[in-house]
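Subject: Structure handover

Hello,

Here is the structure I promised to pass on. Please open it next to this email and follow along.

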Amino acid sequence: MKAAVFETPGLENLRVIDNVEEPKINDHDVLIQVKVAGVNPIDHFVASGTLPRVYPLPHIPGAESSGIVEELGNHVNNSEIKKGDRVVVHNKVFDGTCDMCLGGLDMLCRNGGLIGAITNGGFAEYISVPERNVFKIPDKLDWDVAASLPVTSLTPYHALKEASLKLNEYLLVFGASGNTGMIAVQLGNKMGAKVIAVSKDDWIKSEFGADYIISNYEKVAENVKEITQGKMADVVMNSLGVGTWDSSFASVGVNGRWVAFGGLTGADVKLNVQSLYSKQIKLIGSTGGTRKEMQELIDISPKLKVRVWKKFDLENIKEALQALFAKERDGRILLDMA
Ligand SMILES: [Zn+2]
C-alpha cells in the first residue's frame, strides 16, 4: 500500500512510499481503508521529532482518520461493525484494566497512548486499529466533518465538559477560527452558552454562530468586560499558550474556569496566585475525550461543520504539515486519500 513513512524523526525524512506492507490485523482488530485524514499539530510534532515517544520505526504518522471498513479480525465481537461501514477512529490506545480505564477515563490510561504516535497512523491507504477504537458514523455524514471528529471536535468537547460550561454562561474562545476553536464555538452555542470568539475572521460569527467577536488581540479583556457588563467570562478556553496567557487569565470572572488542552506558543506562564484564589478561579487541564463523548459527538455530527482551507493528497503530506503553521491559513487542512 501507499503510505507516508519516516525511519528517523525529522520532517525532511518523511517520504511517500508505494510498497509499504499492509498492516496486519489481529483477532480483535479492524482494517480500515482511509478516506479522509485530519492534519493536526500533533502529526507535525510526531513527524518532526518534537514528541519523544514515537514507535514503531519506521513510522506512519496520522492521528485523525476516517474511512471504510475493509476487513474484520476473526474475533471482532462488535456486531455493529460490518465490512463496508463508514467509520472514524477514536485515537487513544488503552488497556481497559487500569484504574483510569475502570473509571471511564480511557484517554488517561496509564499504559496507553495515541494512535499515530505509539502505533502507526492514518497517513496511509490502510490503517489497522482495535475494534473498540472503531465508531460508525451516520450514512450521509460529510467526510470532512467525519475526519474532524476524533481530535478536532472531541478535544474541545471534553474540555468544555471538564470546565462545566452551563446554560447562559459566557464562553470566551481564543483561536476561535482555528481547528478546535471553530468546533468549540459551535459546541458552546449548542450547550446554551453565549460565545465570545477571539478571531480576526468574521465567518466565525456570520457562519459558525459566535455571538460576539473580538478582533483586537491587544484589548481582549477590555472587550470581554464591555460585552459581559463587568462580569467577565465564566469559561475561558485558551490553548495558544504563553502568548495569550495574560489576556486570557485577565478575562476570567468570579468563580470562572480557565481550560487548556495545548500551549502552542509556549507552556511556561506566570501566575498571580492571589487573583486565582480571591476570584475562586479553577485552572483546568484537559486532554482528548472519553469514548462516550465520542459517541455523543457522532450523534450530533450532522449538525457540525468545518471550514476547510486546503486539501492535500498523500504525495504532498510534507506540504500539508508545513501549511499548518502558514500565516494565511484560514480553516482546516485535510488529507484526501480518494
Ligand atoms: Zn488503562
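Below is what I found in it, topic by topic.

First, the ground rules. This is a predicted model, where local features need pLDDT of at least 70, side-chain atom pairs count only at pLDDT 80 or more, and totals for chains, interfaces and linings use all residues. Residues are numbered from 1 along each chain as its sequence is written, and side-chain values use heavy atoms, with hydrogens and water left out.

**The zinc site**

The zinc ion has protein donors D95 (OD), C98 (SG), C101 (SG) and C109 (SG), at 2.1 to 2.3 Å. Donors here are N, O and S atoms within 2.8 Å of the metal (3.2 Å for Na, K and Ca); water is not among the atoms, so sites may look incomplete. The site is tetrahedral, with angles of 94 to 122° among the four donor atoms. That label asks for four donors with all angles between 85 and 135 degrees. Along the chain, the donors are spaced D-x2-C-x2-C-x7-C. D95 is partly exposed at 24% relative accessibility. C109 is buried at 10%. Buried means under 20% relative accessible area, exposed over 50%, partly exposed in between (1.4 Å probe, protein chains only).

**The nonpolar cores**

The largest nonpolar core holds 43 residues. Such a core is a set of buried Ala, Val, Leu, Ile, Met, Phe, Trp, Tyr and Cys residues joined through side-chain atoms within 4.5 Å. Among those with the most contacts inside it are I32, F123 and L335. Elements giving it two or more residues include β3 (29-38), α1 (41-48) and α11 (317-323). Helices (H or I, at least four residues) and strands (E, at least two) are DSSP runs, numbered from the N terminus. β3 gives the largest share, five residues. A second, separate core has 41 residues, including L141, W143, F208 and A210.

**H158**

H158 sits in helix α4 (residues 149-162). H158 is buried, at 4% relative accessibility. Its side chain makes a polar contact of 2.8 Å with that of E293. A polar contact is a pair of N or O atoms within 3.5 Å; within protein, one must be able to donate a hydrogen and the other to accept it, and residues adjacent in sequence count only if both atoms are side-chain atoms.

**Helix α5**

Helix α5 covers residues 179-190. Nine of its 12 residues are buried. Among them are N179, M182 and L187. G192 follows α5, with a positive phi near 90°.

Best wishes

Conventions. Tetrahedral: all angles 85-135°; square planar, octahedral: opposite > 155°, others 65-115°. Expected span 1.5 Å × (residues − 1).
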